[in-house]
Amino acid sequence: MRAVGVDFGGTNVRAALVDVAAGQILGGDAKETVSDKSPEGVAATVERVVKAVDPKNERAGVGVGFAGMLRGWTGVVVNAPNFGWREVDFRAALRKRVGERTEIYNDLNAIAFGEATYGSARGVRDVFFCFVGTGVGAGIVADGKLYIGASHLAGEFGHIKVIPNGRLCGCGMHGCLEAYVSGRNLQAIAREDLQKTTSLAVELAGGLEHLHAGHLDEAAKRGDRYASELMEQAGSLLGVAMANAVTTLNPSRLVMGGGVWEKSSELRRHTMHFFQESVSRPALEGFEMVESTLGESAGVLGAAALIAGK
Ligand SMILES: [Zn+2]
């Protein structure tokens with residue numbers, strides 16, 4: 001069976017036609033930047049990338065991994081900060097353009113399902129996936145099935161609270177994990193702090209306005225005090241949060257991924273230290289932590305597998 005998987009990365013949309021049984025992308029993929037962020041504009045962009053990868057209409061359906069909070073299986077996006085949407089019936093807009101067999105999934109659930117079906121957690125029944133990139137999120141596979149929760153909101157790991165009344169998060173609440181650990185927030189914290197203090201990271205970036213999480217990690221590696229403290233703070237919060245997830249869920253595998261995680265060796269070092277300190281000892285028996293293996297293809301593969309009912 002062939003299905004089209006669609007994945008949103010920030011404000012890019014990517015689509016691929018997938019041979020679902022083999023887990024293979026057929027004939028390459030298509031990617032486009034979303035310039036018109038209205039629901040109709042985004043739906044039109046999705047239509048273009050879907051038709052580009054499946055011009056002969058071979059697809060059994062279209063699975064869409066979307067960065068936003070969904071209302072159950074209604075196809076309604078409750079909240080999508082990337083696009084500034086509230087209460088949008090996005091599935092209806094998509095079905096008009098790419099066919100009735102179209103479903104929307106939380107983007108991290110689609111990525112987790114891709115990894116569980118074809119990648120780093122193939123054949124493993126109980127898995128916790130944690131992604132640290134522009135944002136922070138998770139996916140849960142329990143007893144071999146994707147666990148989506150009572151109303152499609154399971155895995156909102158970036159929005160667990162780690163500091164009572166802490167930093168304001170993009171979700172509108174305070175003290176979320178994401179507000180301290182994601183690439184976007186590390187950048188925002190540093191740009192704020194470095195008005196008042198100095199760091200090698202600014203030099204590495206060639207100016208405060210160009211600074212991002214990668215410069216902070218590099219500066220920390222070279223012993224810069226500000227960057228080291230920031231990375232230790234982020235790593236301590238992430239490591240303890242991951243340990244709590246493993247203590248709660250008792251997965252046999254924890255899969256780590258995301259651009260910030262992959263590129264930030266100092267963040268990883270601190271995270272692992274605090275994870276090991278905090279996790280329940282019995283939960284480590286028969287447990288392993290691995291890196292995601294599908295990289296940027298996990299989302300399109302997972303979304304295609306989900307719509308195909310694999
Ligand atoms: Zn939040």
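How many bridges join strand β4 to β8, and in which sense do the two strands run? Five bridges join β4 (residues 62-66) to β8, and the strands run parallel; strands are DSSP runs of E with at least two residues, helices are runs of H or I with at least four, and both are numbered from the N terminus. Two strands count as paired if DSSP finds at least two bridges between them. Within this pair, phenylalanine 66 stands opposite asparagine 106 of β8. The model is a predicted one, in which local features need pLDDT of at least 70 and side-chain atom pairs count only at pLDDT 80 or more, while totals for chains, interfaces and linings use all residues. Residue numbers start from 1 along each chain as its sequence is written.

Strands β4 and β8 belong to an open sheet of five strands with mixed pairing, in the order β3-β2-β1-β4-β8. Its edge strands, β3 (24-33) and β8 (102-106), each pair on one side only. From one strand to the next, the twist averages 20 degrees.

Helix α2 (residues 90-98) lies across β4 and β8 and runs at about 140 degrees to β8. Axes here are lines fitted to C-alpha atoms, for helices over the stretch in contact, and angles run from 0 to 180 degrees between N-to-C directions. Helix α11 (residues 298-307) also packs on the sheet, touching β1 (2-9), β2 (12-19), β3, β4 and β8, and its direction makes about 135 degrees with that of β1.

Alanine 304 is in contact (C-beta atoms, placed from the backbone, within 7 Å) with Ala3, Val4, Gly5, Val18, Val20 and Gly63, leaving aside its neighbours within four places in sequence.

Strand β12 (residues 253-257) has five of its five residues buried, that is, with 20 or more other C-beta atoms, placed from the backbone, within 10 Å of their own. Arg253, Val255 and Gly257 lie on one side, and Leu254 and Met256 on the other. In a regular strand the side chains alternate between the two faces of the sheet. Strand β9 (residues 127-132) pairs with β12 in the parallel sense over five bridges, with phenylalanine 128 opposite leucine 254. Four bridges join β12 to the parallel strand β13 (residues 288-291), where valine 290 is the bridge partner of valine 255.

Terms used: Two residues are in contact if their C-beta atoms, placed from the backbone, lie within 7 Å. A residue is buried if 20 or more other C-beta atoms lie within 10 Å of its own, exposed if 12 or fewer, and partly exposed in between; C-beta atoms are placed from the backbone.
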